[in-house]
Amino acid sequence: MNLRPLHDRVIVKRLDQETKTASGIVLPDAATEKPDQGEVLAVGNGKILDDGKVRPLSVKIGDRVLFGKYSGQAVKIDGQELLVMREEDLFAVVEK
């Protein structure tokens with residue numbers, strides 16, 4: 001992917017959500033909510049502070065992150081739907 005976000009933005013790919021309940025019921029796509037977890041595919045250089053210095057981002061490529069259901073701007077690149085969002089829109093990094 002030839003996509004490089006600017007400044008404090010990150011590119012996130014939503015992770016597929018489970019379409020089967022714990023009891024074994026299969027849910028149709030229309031009944032499932034958008035997943036709120038994703039994998040970071042690309043990161044910008046960092047946030048530009050008031051004094052002109054650049055603070056590097058806390059997330060890195062490959063991190064699994066949590067974000068709000070309606071966070072970011074959806075874009076379609078090479079047939080994949082990706083999210084472009086600011087680092088501050090991310091809630092947490094999921095440790096493995």
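This briefing covers the sheet, the nonpolar core and the salt bridges of the structure above. The model is predicted, so local features need pLDDT of at least 70 and side-chain atom pairs count only at pLDDT 80 or more, while totals for chains, interfaces and linings use all residues. Residues are numbered from 1 along each chain as its sequence is written, and side-chain values use heavy atoms, with hydrogens and water left out.

**Sheet**
- Six strands form an open antiparallel sheet in the order E6-E7-E1-E2-E5-E8, where strands are DSSP runs (E, at least two residues) numbered from the N terminus and two strands pair if DSSP finds at least two bridges between them.
- The edges are strand E6 (73-77) and strand E8 (90-94), each of which pairs on one side only.
- Five bridges join E6 to the antiparallel strand E7 (residues 80-86).

**Nonpolar core**
- The largest nonpolar core has 10 residues, including Val10, Val59, Phe67 and Met85; such a core is a set of buried Ala, Val, Leu, Ile, Met, Phe, Trp, Tyr and Cys residues joined through side-chain atoms within 4.5 Å.

**Salt bridges**
- Three salt bridges are found in the whole structure, each being a side-chain nitrogen of Lys or Arg within 4 Å of a carboxyl oxygen of Asp or Glu.
- Aspartate 8 bridges to arginine 86, with the closest N and O atoms 2.8 Å apart; aspartate 8 lies in the segment before E1 and arginine 86 in strand E7, so the pair ties together parts 78 residues apart in sequence.
- Aspartate 8 is buried at 5% relative accessible area, whereas arginine 86 is partly exposed at 31% (buried means under 20%, exposed over 50%, partly exposed in between, with a 1.4 Å probe and protein chains only).

Note on methods: Helices (H or I, at least four residues) and strands (E, at least two) are DSSP runs, numbered from the N terminus.
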